[in-house]
Amino acid sequence: MTELKSHMGYYLWHYLPSTPAAAIFCVLFGIATVAHFWRLFKTRAWFCLAFTIGTICTILISYPLHIMWSVISSDPNLTFGVVEVIGYAARAAAHDRTDALMPYIIQSLFILLPPALFAASIYMTLGRIINSVNGAHLSIIRPTWLTKIFVGGDVLSFVVQSGGGGMMAGGNPDRVKLGENMILSGLGIQVVMFGLFWLTAVLFQLKIRKNPTTESYTIDARWEQYLAMLYMVSAMIMIRSIFRVAEYAMGSDGYLLRHEWTLYVFDAVLMFAVTVLFYWRHPGDLTGVKRNDEERLQLDSLSSKA
């Protein structure tokens with residue numbers, strides 16, 4: 001019978017990780033990754049670009065800055081799915097190895113960090129929505145700066161969280177406490193950035209409803225449906241981030257870190273729902289910009305002939 005073991009006298013886990021639960025979400029996130037990869041090529045949404053999944057997976061812990069650069073220049077949705085798969089696979093493997101440090105480190109980082117990567121897609125999608133309805137003049141932050149500002153904050157959140165996770169992996173009590181505080185700071189940055197994102201999105205929606213553009217009436221834009229999707233996925237990530245803040249604030253003796261079900265309810269389920277919703281309203285289907293440009297060219301051509 002499998003028993004809870006300590007690592008050099010220190011218990012990494014307060015329970016035996018459930019192999020079936022971890023395996024289920026490993027499969028679910030694997031399916032989500034394949035689905036997003038297929039959707040990317042089907043829609044040819046090159047504003048996301050493809051990326052080298054192998055590079056991201058192998059150097060995530062050691063080189064977080066390099067990883068974040070790869071993510072920004074690629075499709076964060078795919079990264080999100082792949083990293084989640086690795087995280088839950090490591091968690092499943094830890095069931096019989098609760099005294100092993102590496103599975104614990106991998107599952108901790110690879111489950112903690114993906115929402116920071118996914119947030120980059122959300123921020124870039126808002127910019128694409130604004131451009132699709134030709135509403136840059138109605139946004140409090142111009143689309144050209146929107147991605148830079150929010151993704152910049154996301155990079156900071158990612159680096160702080162990954163640095164804190166690295167410190168916690170050392171096992172030194174003082175460094176573990178510092179690592180927990182860093183993770184709390186990184187999660188706090190994430191929550192603040194999402195709050196500012198919501199403010200930007202809501203104000204834009206209110207302004208364009210009051211002063212609609214010609215493009216906002218087109219069938220292809222469907223901008224409010226995409227905004228609704230962004231509100232939903234960002235709310236889920238916000239809830240998850242608040243849960244993580246509470247988890248680390250309560251410490252290793254707190255209820256949240258001692259009961260596995262909380263991780264699956266307030267993290268795994270929510271994050272899988274995010275992948276489903278983002279697939280349902282994939283930004284690659286936002287054709288407003290391209291088709292509006294084509295329509296303008298056709299009108300200009302007709303005018304010149306007239």
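**Figure 1. Surroundings of Leu257 in the predicted model.** Leu257 belongs to helix H10, which covers residues 255-258; helices (H or I, at least four residues) and strands (E, at least two) are DSSP runs, numbered from the N terminus. Leaving aside neighbours within four places in sequence, Leu257 is in contact with His14, Tyr15, Glu247, Gly251 and Ser252, where contact means heavy atoms within 4.5 Å. Between Leu257 and His14 lie 243 residues of sequence separation, yet their C-alpha atoms are 7.4 Å apart. With a relative accessible area of 25%, Leu257 is partly exposed. Buried means under 20% relative accessible area, exposed over 50%, and partly exposed in between (1.4 Å probe, protein chains only). This is a predicted model, in which local features need pLDDT of at least 70 and side-chain atom pairs count only at pLDDT 80 or more, whereas totals for chains, interfaces and linings use all residues. Residues are numbered from 1 along each chain as its sequence is written, and side-chain values use heavy atoms, with hydrogens and water left out.

**Figure 2. Overall composition of the protein.** The protein has 12 helices and zero strands. Of its 306 residues, 48% count as buried. Among contacts between residues at least 6 apart in sequence, 79% join residues at least 24 apart.

Figure 3. Helix H1 comprises the 25 residues 19-43. At the start of H1, a side-chain oxygen of Ser18 comes to within 3.3 Å of the backbone nitrogen of Ala21. The buried residues of H1 are Ala22, Phe25, Phe29, Ala32, Thr33, His36, Arg39, Leu40 and Thr43.

**Figure 4. Packing of helix H6 against helix H7.** Two packed helices are described by the angle between their axes and the distance between the axes. Helix H6 (residues 114-132) and helix H7 (residues 143-168) pack at an angle of about 175°, and their axes are 9 Å apart. Axes are lines fitted to C-alpha atoms, for helices over the stretch in contact, and angles run from 0 to 180 degrees between N-to-C directions. H6 and H7 are therefore roughly antiparallel to each other, a term for angles over 145 degrees, while those under 35 count as roughly parallel, 65 to 115 as roughly perpendicular and the rest as oblique. H6 contributes Ala116, Leu117, Ala119, Ala120, Tyr123, Met124, Leu126, Gly127, Ile130 and Asn131 to the contact. From H7 come Pro143, Leu146, Thr147, Phe150, Val151, Asp154, Phe158 and Gln161. By class, the contact of H6 with H7 has 13 nonpolar, four polar and one charged residues; Ala, Val, Leu, Ile, Met, Phe, Trp, Tyr, Cys and Pro count as nonpolar, Asp, Glu, Lys and Arg as charged, and the others, Gly among them, as polar.

Figure 5. Phe118 is placed in helix H6 and is buried, with a relative accessible area of 1%. The C-alpha atoms of Phe118 and Val233, 115 residues apart along the chain, are separated by 9.8 Å. Asn134 is found in the loop between H6 and H7 and is partly exposed at 41% relative accessibility. Phi of Asn134 is near 55°, a positive value in a residue other than glycine.

Figure 6. Thr200 is found in helix H8, residues 173-210, and is buried, with a relative accessible area of 2%. A polar atom of the Thr200 side chain lies 2.9 Å from the backbone oxygen of Leu196. Beyond its neighbours within four places in sequence, Thr200 is in contact with Leu126, Ser139, Ile140, Ile141, Leu146 and Phe150. Glu180 also lies in helix H8 and counts as buried at 12% relative accessibility. With neighbours within four places in sequence set aside, Glu180 is in contact with Met168 and Tyr248.

**Figure 7. Leu270 within helix H11.** Leu270 lies in H11 and is buried, with a relative accessible area of 16%. Not counting residues up to four places away in sequence, Leu270 touches Met236, Ile239, Arg240 and Val265. Leu270 and Ile237 are 33 residues apart along the chain, and their C-alpha atoms are separated by 7.4 Å. Other buried residues of H11 include Tyr264, Asp267, Met271 and Phe278.

How values were computed
The expected span of a helix is 1.5 Å times one less than its number of residues. A polar contact is a pair of N or O atoms within 3.5 Å; within protein, one must be able to donate a hydrogen and the other to accept it, and residues adjacent in sequence count only if both atoms are side-chain atoms.
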